[in-house]
Amino acid sequence: MPDAFIEIDHVTFGYDPSRKILSDISLRFERGRVTAILGGSGCGKTTLLRLIGGLVGATSGRVLFDGQVVNARDKEQLLQMRRRMGMLFQFGALFTDLSVYDNVAFPLREHTNLSEPLIRDIVLMKLHAVGLRGAAKLKISEVSGGMARRIALARSIALDPALIMYDEPFAGLDLVSMGVTANLIRKLNDATGATSLLVSHDVAKCMEISDYAVLLAPGGRIVAQGTPDELMSSRDPEVRQFVRGEPDGPVKFHYPARPIAEEYGA
Ligand SMILES: Nc1ncnc2c1ncn2[C@@H]1O[C@H](COP(=O)(O)OP(=O)(O)OP(=O)(O)O)[C@@H](O)[C@H]1O
């Protein structure tokens with residue numbers, strides 16, 4: 001059995017007890033891999049990342065992080081674990097009144113007792129990794145959307161996380177910035193020996209940089225999982241519809257409705 005860094009073991013979860021978002025799902029995310037979590041809107045991709053980060057707790061089942069059960073109620077344990085996680089969440093805001101440098105230094109100042117000269121070396125190294133060492137002195141209000149994403153990336157790897165979770169890292173980026181960000185995700189994973197989870201609607205970009213992909217459907221049902229090649233060549237109509245972006249297939253374009261003739265009283 002391959003070495004799972006994250007294990008989702010028969011997890012059920014709903015924000016509201018009457019509506020399950022994830023229902024008895026089991027998944028393993030292997031160490032050192034980039035895994036893409038794909039699926040239509042609202043099928044629970046972000047929720048899965050939130051469960052792994054302990055931001056919400058499973059109703060039943062277990063989430064294991066490096067062999068340890070994530071317990072959303074144990075604040076001390078969560079703090080320890082989160083130091084080993086980098087989370088780049090949707091709309092993960094940078095501090096607009098701080099410089100690029102101070103944004104990346106923030107987690108180091110907050111979570112470590114490192115001296116300022118050491119923090120300086122780390123910040124410059126992280127900014128160098130995302131190609132923005134030269135932008136250290138700029139204010140966030142002076143940088144473009146693509147640069148802001150890379151700064152957030154530098155900040156999320158400041159503490160050398162063992163797990164990096166990305167939620168919609170490509171949203172709102174132009175094609176060039178998207179390519180740069182995608183390459184960085186892959187490069188950072190490999191250079192740091194981290195494990196990466198990537199939630200995105202951009203199937204093509206995800207397939208390019210991931211080692212493995214999981215496709216979810218509403219209710220958190222796992223439709224398919226495998227290497228990008230396996231998913232792209234799948235004959236399952238649901239998988240094909242999703243990875244090829246076909247407008248109609250097992251997932252219908254039309255929300256269920258009465259026949260149109262009936263609607264107009266014909
Ligand atoms: N804090 C919350 N409280 C209540 N319901 C929520 C909360 N966050 C998300 N939901 C609901 O849970 C479901 C799954 O949301 P989630 O954000 O995990 O889906 P997703 O697959 O990441 O969607 P998207 O691709 O649109 O970001 C949605 O129906 C959403 O409305």
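**View 1. Crossing of helices α5 and α6.** In this predicted model, α5 passes α6 in a right-handed crossing. On the α5 side, the contact is made by Gly146, Arg149, Arg150 and Leu153. Ser177, Val180, Thr181 and Leu184 contribute from α6. Sorted by class, this contact of α5 with α6 holds three nonpolar, three polar and two charged residues.

**View 2. Axes of α5 and α6.** Helix α5 covers residues 145-156 and helix α6 covers residues 175-192. Their axes come within 10 Å and cross at roughly 15°. Angles under 35 degrees count as roughly parallel, and α5 and α6 are therefore roughly parallel to each other.

**View 3. The open sheet.** Four strands, in the order β2-β1-β4-β5, form an open sheet with antiparallel pairing. The edges are taken by β2 (22-30) and β5 (68-69). Each edge strand has a single partner strand, so one side of each is left without a neighbour in the sheet.

**View 4. Pairing of β1 with β2.** Strand β1 (residues 4-13) is joined to β2 by six bridges, and the two run antiparallel. Phe13 stands opposite Leu22 in β2.

**View 5. Helix α1 on the strands.** Helix α1 (residues 45-52) lies across β1, β2 and β4 (60-65). The direction of α1 is at about 115° to β1.

**View 6. Confidence of the prediction.** The chain has an average pLDDT of 88, and 93% of the residues score at least 70. For the complex, the predictor gives an ipTM of 0.95 and a pTM of 0.86. Where pLDDT is low, the predicted coordinates should not be read in detail.

Conventions. Residues are numbered from 1 along each chain as its sequence is written. This is a predicted model: local features need pLDDT of at least 70, side-chain atom pairs count only at pLDDT 80 or more; totals for chains, interfaces and linings use all residues. Axes are lines fitted to C-alpha atoms, for helices over the stretch in contact, and angles run from 0 to 180 degrees between N-to-C directions. Angles under 35 degrees count as roughly parallel, over 145 as roughly antiparallel, 65 to 115 as roughly perpendicular and the rest as oblique. A crossing is left-handed if the near helix is turned anticlockwise from the far one by less than a right angle, and right-handed if clockwise. Two residues are in contact if their C-beta atoms, placed from the backbone, lie within 7 Å. Ala, Val, Leu, Ile, Met, Phe, Trp, Tyr, Cys and Pro count as nonpolar, Asp, Glu, Lys and Arg as charged, and the others, Gly among them, as polar. pLDDT is the predictor's confidence in each residue, from 0 to 100. Two strands pair if DSSP finds at least two bridges between them.
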